[in-house]
Amino acid sequence: MSASEQPTTPASPTTHAFKAEVAAVLRLVTNSLYTNRDIFLRELISNASDALDKARFTALVDPTLEGQELPAKITITADAQRRVLVVEDNGIGMTPAEAEQNLGTIAHSGTLQFLKDAPRGADGRPEVDLIGQFGVGFYSAFMVADRIDVTTRSAQAGSAAVLWSSTGDGGFTIAPGSRDVRGTRIELHLREDAKDYLDRSKIEGIVKRYSDHVLHPIEVATIDEAGAAGEAAHQVNSARAFWSRSAKELTDEDYAEFYKHVMGGFVLPSDKPLVRLHATMDAPIQFKSVLFVPSRRPMDLFGEDAKHLRLYARRVLVMESCDKLLPPYLRFFRGVVDSEDLPLNVSREMLQEHSSLAAIRRQLTRKAIGLLVDTAKDDAETYTKIWREFGVFLKEGLHTDNAHREQLTELLRFDCTGKDGALVSLREYVDAMPEGQEAIYYIAGESAEDLARSPHLEACRARGWAVLLMTDAVDEWVVQDLERYAERPLVNVTQGELTLPASEAPADAGELAPLCARARAVLGDRVKDVRPSRRLTDSAACLVDDEAGLSRNMERILRMSGREIAPKARILELNGGHPFVRAALARVAERDEDPNATLWIELLFDQAGIAEGLVPDPSGAVRRIQRVLDEVAGVGGQGATR
Ligand code: ADP
């Protein structure tokens, strides 16, 4: 019988299979023995704490919610007589349907993928001690238990208690449960090798280490082998909000642990926050905040379940993910905000619109950008890492956040010729400009290496001018947004006429006129124009685009995004100083329709295309090259040369 056909409160136990992904996660969890198993307790406590928070804010909009008089509490009981560890809370609880849904599937869509992508040891298993470093939620309890019984009762008025039970191999059963108050009691039947989790000091140590900052009291109680209660239960955690503590008394390890908490457990061992900010603001609005920039893109950044900052009002969690605290382009920041100036007793909808949020957002945005600016200034290496992971978001900000445009412009980084892969800022570029260089030059395309070899860079290279190599799809939009930096225009070296100092203008641009005219006639509408080049020094020819209109790279990107862009004829530029071009010129001057000159013009056009990796007529190009080679080899007139 399938799960969905069951009535919500079955009279006798019913059996259900785990969803495939749960089974896969469970296999990974239980196979990774010898990892840091302690974290299962952190996960269960964190779920219990969330359940208490949920009960609190659900009560704001639902006065019928049961158990509002109960003081929030999490109790851990080590029962040596039954070899059971109990984690119990009086939070929101679950209805039978919720228990079946929540404890039979994986809440985060990316979990399985994340685990699959985790680095492997030689035996193909996830690295020892790895699983233990990030959250697999409730299921991590199967690392220490061979059976888990969950008795839960929802706070919704009139809900029935339910008993969920599983041995972690394939499925679970659901049966009526017995529980008088709202909340959840999780009984872990400890594996033989996990008996030490009954030890009071061990439990207290784990709670202190991982869950000290949980804001609800966590009590530990014991029952000895004869069934007698041990020393009275007492609160173990300090329940002090992490952010309320002074930054001075906190160590890097403290922040790293809090970071894991903030990231919901999705943290690889190597994933330390790149930078952090611990801020206290008093005017015009009071709030405290701890922000982190993760070391890699959180996997939910683009998804619908994207997480934002957690919002607390006077140390009570009021929103797990509040997107009003930072502008969207700074959504890669993770952390918490706690304000004294937020009302506690309003619905989340009303809170979302509260004017204090806008004030917090203004200040926090300033702080967050300030953090990036300071990092860029003081620690270029770390900033480079930030830029490589999150630069694309900052570019989005340049487009959307006019108020911080100047600072965001200073945060831009690009690859650049002559830099061996190091990134440069526009400021660095301009400061290094030699006398005589008026503009900031750039070229855009797919890969920095290919771009660095492009013939379009020759004029700049010959003069010792650096060229920015833009490889991100959005870079050209960034340039269009900017137009100028420090009074200098940004110029695409593949577009328009290159303006060189007057002293360097080609001596006689008109000299090439007959060749250009002939080339126009030969190439017809395959080119928009043919003209002498100011940008070439070594190569004989190149293709460029009009100053107005889309660049090549933009066309490519638009096509990639599914837009139909008709291919547009380009301008062929010829290098008047190149011997081959001069030879062609001489031929044309002698006889306009000289067949060799015609062939050479075609070849110059082929070459310019080949240099950019685009050849409109590859087989024609090969035929023409062969004709010239045949001639050189003295075998002209053979079949291939038509
Ligand atoms: P996560 O906590 O990351 O969402 P878990 O696997 O740990 O994933 O838990 C799955 C879901 O089960 C939770 O999202 C929550 O809805 C529910 N749940 C777990 N523990 C409790 C609890 N103590 N009280 C109420 N609901 C719980």
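Predicted model: local features only at pLDDT ≥ 70, side-chain atom pairs only at ≥ 80, totals over all residues.
Let's start inside. The largest nonpolar core has 74 residues, and the members that touch the most others are Leu311, Leu325, Leu330, Phe332, Phe333, Tyr441 and Leu468. Helix H8, which runs over residues 355–378, supplies the largest share of this core with nine residues. Pick Leu325 out of that group and look around it: leaving aside residues up to four places away in sequence, Leu325 touches Leu309, Leu311, Val337, Leu357, Ile360, Arg361 and Leu364.

Now jump along the chain to Phe580. You'll find Phe580 in helix H17, which covers residues 579–590. Is Phe580 buried, partly exposed or exposed? Its relative accessible area is 28%, so Phe580 is partly exposed; the buried class would need a value under 20%. Once residues up to four places away in sequence are set aside, the contacts of Phe580 are Trp600 and Leu604. As for Ser539, it sits 41 residues from Phe580 along the chain, and the C-alpha atoms of the two are 10.0 Å apart.

Finally, the surface. Ile610, Ile625 and Leu629 together make a nonpolar patch of about 250 Å². Of these, Ile625 belongs to helix H19, spanning residues 618–633. Ile625 has 35% relative accessibility, which is why it counts as partly exposed.

Conventions: Residues numbered from 1 in each chain as written. Heavy atoms only, no water. Patch = residues over 30% accessible without salt bridge, like charges linked within 9 Å, V, L, I, M, F, W, Y side chains within 5 Å. Areas by Shrake-Rupley, 256 points an atom, 1.4 Å probe, with all protein chains shown as cover. Salt bridge = Lys/Arg side-chain N within 4 Å of Asp/Glu carboxyl O. Helix = DSSP H or I, 4+ residues; strand = E, 2+ residues; numbered from the N terminus. Buried < 20%, exposed > 50% of the residue type's maximum accessible area, 1.4 Å probe, protein only. Core = buried A, V, L, I, M, F, W, Y, C linked by side-chain atoms within 4.5 Å. Contact = heavy atoms within 4.5 Å.
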